[in-house]
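I opened a new page for this protein. These are my notes on what I looked up.

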Amino acid sequence: MRHLSLLLFCLTFAFAQEPPKVGMVSGRVVHGMTGEPVRKATVTLTLQRTTLQGTTGTDGAFVIAQVPAGEYRLTAVRTGFLRGTYPY
């Protein structure tokens, strides 16, 4: 009986669900006509009830970490610029 318990314990771990896969999204926000970086823009990833945000640095770059797998809508907003929204 002792060996059977150990076997069931091992099988439970072998068939346990995988943890959710996460990654990161990074990029640059630039002016559409001049190519200049857009500083301090708010970048938002949206999927149903999940919203993750980041802010661009002086070079227009952003990184959003711990992003669960899925298809998101990416939006970049900065005062004085048109809103940019893209499927991601």
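The entries below go from the whole chain to single residues.

Before starting, I noted that the model is predicted, that local features need pLDDT of at least 70, that side-chain atom pairs count only at pLDDT 80 or more, and that totals for chains, interfaces and linings use all residues. I count residues from 1 along each chain as its sequence is written, and side-chain values use heavy atoms, without hydrogens and water.

Entry 1, overall. I found one helix and six strands (DSSP runs, H or I of at least four residues for helices, E of at least two for strands, numbered from the N terminus). Along the sequence I read the pattern α-β-β-β-β-β-β. Of the 88 residues, 20% are buried (under 20% relative accessible area, 1.4 Å probe, protein chains only).

Which residues make up the largest nonpolar core? I listed twelve: Val25, Val29, Val38, Ala41, Val43, Leu45, Phe62, Ile64, Val67, Tyr72, Leu74 and Ala76. Such a core joins buried Ala, Val, Leu, Ile, Met, Phe, Trp, Tyr and Cys residues through side-chain atoms within 4.5 Å. Strands E2 (42-47), E4 (61-68) and E5 (73-77) each give two or more residues to this core. E4 has the largest share, three residues.

Is Thr75 buried or exposed? Thr75, in strand E5, is buried, with a relative accessible area of 9%. Beyond its neighbours within four places in sequence, Thr75 contacts Thr42, Val43, Thr44, Arg83, Gly84 and Thr85.

Key
Buried < 20%, exposed > 50% of the residue type's maximum accessible area, 1.4 Å probe, protein only. Contact = heavy atoms within 4.5 Å.
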